[in-house]
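Colleague: Hey, I've never looked at this one before. Can you walk me through it?

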Amino acid sequence: QVQLEESGGGLVQAGGSLRLFCAASGRTFHSQDMAWFRQMPGKEREFVAAANWNGGRTEYADPEKGRFIVSREHAKNAVYLEMNNLKPEDTDVYYCAVSREVSSLSGPLSEHSRYSYWGQGTQVTVSS
């Protein structure tokens with residue numbers, strides 16, 4: 001059974017940093033895409049960042065470009081999201097996701113339907 005477990009969320013002041021971590025268990029995902037999305041209750045899940053199987057291809061949502069960095073660590077079957085210069089509008093629940101199919105160059109990494117496995121989320125709160 002595949003499980004994704006996020007950690008690293010918390011409360012931080014505006015301008016601060018957090019590093020989210022998501023580890024997968026149940027199978028290895030060294031050939032798949034891994035991503036981060038965010039969602040507030042009652043709102044649609046929004047793309048944040050993603051990396052292909054080796055991190056050589058990454059994508060970011062416009063508000064996160066230049067502030068967030070997504071990276072992979074195969075030894076831990078994991079994906080990280082380094083969040084810098086955080087703003088109150090970054091407050092949300094952040095979810096990691098993994099694709100079922102192996103990485104390919106077709107289609108954007110931001111496509112929600114690309115991902116089959118999802119974590120339970122970790123809360124990020126940024127105070128002003």
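Colleague: Let's start with charges: which residue does Arg57 form a salt bridge with?

Modeller: Glu59. Keep in mind that this is a predicted model. In it, the closest N and O atoms of Arg57 and Glu59 are 3.2 Å apart.

Colleague: And are Arg57 and Glu59 buried or exposed?

Modeller: Both Arg57 and Glu59 are buried.

Colleague: How many salt bridges does the structure hold?

Modeller: There are seven salt bridges. One of them joins Arg38 and Asp92, with 2.8 Å between the closest N and O atoms. Arg38 sits in strand β4 and Asp92 in strand β9, so this pair ties together parts that are 54 residues apart in sequence. Arg38 and Asp92 are buried too.

Colleague: What about Arg67, where is that found?

Modeller: Arg67 is in the loop between β6 (58–60) and β7. With a relative accessible area of 8%, it falls under the 20% cut-off, so Arg67 counts as buried.

Colleague: Which residue does Arg67 pair with in a salt bridge?

Modeller: With Asp90, at 2.8 Å between the closest N and O atoms. Asp90 lies in the loop between β8 and β9, so here the bridge ties together two loops, with partners 23 residues apart in sequence. Salt bridges with shared partners also join Arg38, Glu64, Arg67, Asp90 and Asp92 into one network.

Colleague: What else does Arg67 touch?

Modeller: Leaving out residues up to four places away in sequence, Arg67 touches Glu82, Met83, Asn84, Asn85, Leu86 and Lys87, along with Asp90. A polar atom of the Arg67 side chain lies 3.0 Å from the backbone oxygen of Asn85.

Colleague: OK, switching to rings. How many aromatic pairs are there?

Modeller: Six aromatic pairs. Take Phe37 and Tyr115: their ring centres are 5.7 Å apart and their planes are at 70 degrees, so that pair is edge-to-face. Phe37 is in strand β4 and Tyr115 in strand β10 (residues 115–118), which puts them 78 residues apart and makes the pair a link between distant parts of the chain.

Colleague: Which aromatic cluster does Phe37 belong to?

Modeller: The one formed by Phe37, Phe47, Tyr115 and Trp118. Within it, Tyr115 and Trp118 are an edge-to-face pair, 6.5 Å centre to centre with 75 degrees between the planes.

Colleague: Are those residues buried or exposed?

Modeller: Phe37 is buried at 1% relative accessibility, and Tyr115 is buried at 5%. Trp118 is partly exposed at 22%.

Colleague: Which ring faces does Arg45 lie over?

Modeller: Arg45 lies over the face of Tyr95, 3.9 Å from the ring centre. Arg45 also lies over the face of Trp118, there at 4.8 Å from the ring centre.

Colleague: Last topic, the nonpolar core. Which residues of the largest one touch the most other members?

Modeller: Trp36, Leu81, Met83 and Tyr94, out of 24 residues in that core. Several strands each supply at least two residues, including β4 (32–39), β8 (78–83) and β9 (92–102). The largest share is four residues, and it comes from β3. Apart from this core lies another, of eight residues, with Phe37, Ala50, Ala61 and Ala97 among them.

Colleague: And what is Tyr94 in contact with?

Modeller: Setting aside neighbours within four places in sequence, the contacts of Tyr94 include Glu6, Leu20, Trp36, Arg38, Val48, Phe68, Leu81, Met83 and Val124.

Notes
Residues numbered from 1 in each chain as written. Predicted model: local features only at pLDDT ≥ 70, side-chain atom pairs only at ≥ 80, totals over all residues. Heavy atoms only, no water. Core = buried A, V, L, I, M, F, W, Y, C linked by side-chain atoms within 4.5 Å. Buried < 20%, exposed > 50% of the residue type's maximum accessible area, 1.4 Å probe, protein only. Contact = heavy atoms within 4.5 Å. Phe/Tyr/Trp six-rings, centres within 6.5 Å; stacked < 30°, edge-to-face > 60°. Lys NZ or Arg CZ within 6 Å of the ring centre and 35° of its normal. Polar contact = N/O pair within 3.5 Å; in protein donor to acceptor, adjacent residues only side chain to side chain. Salt bridge = Lys/Arg side-chain N within 4 Å of Asp/Glu carboxyl O.
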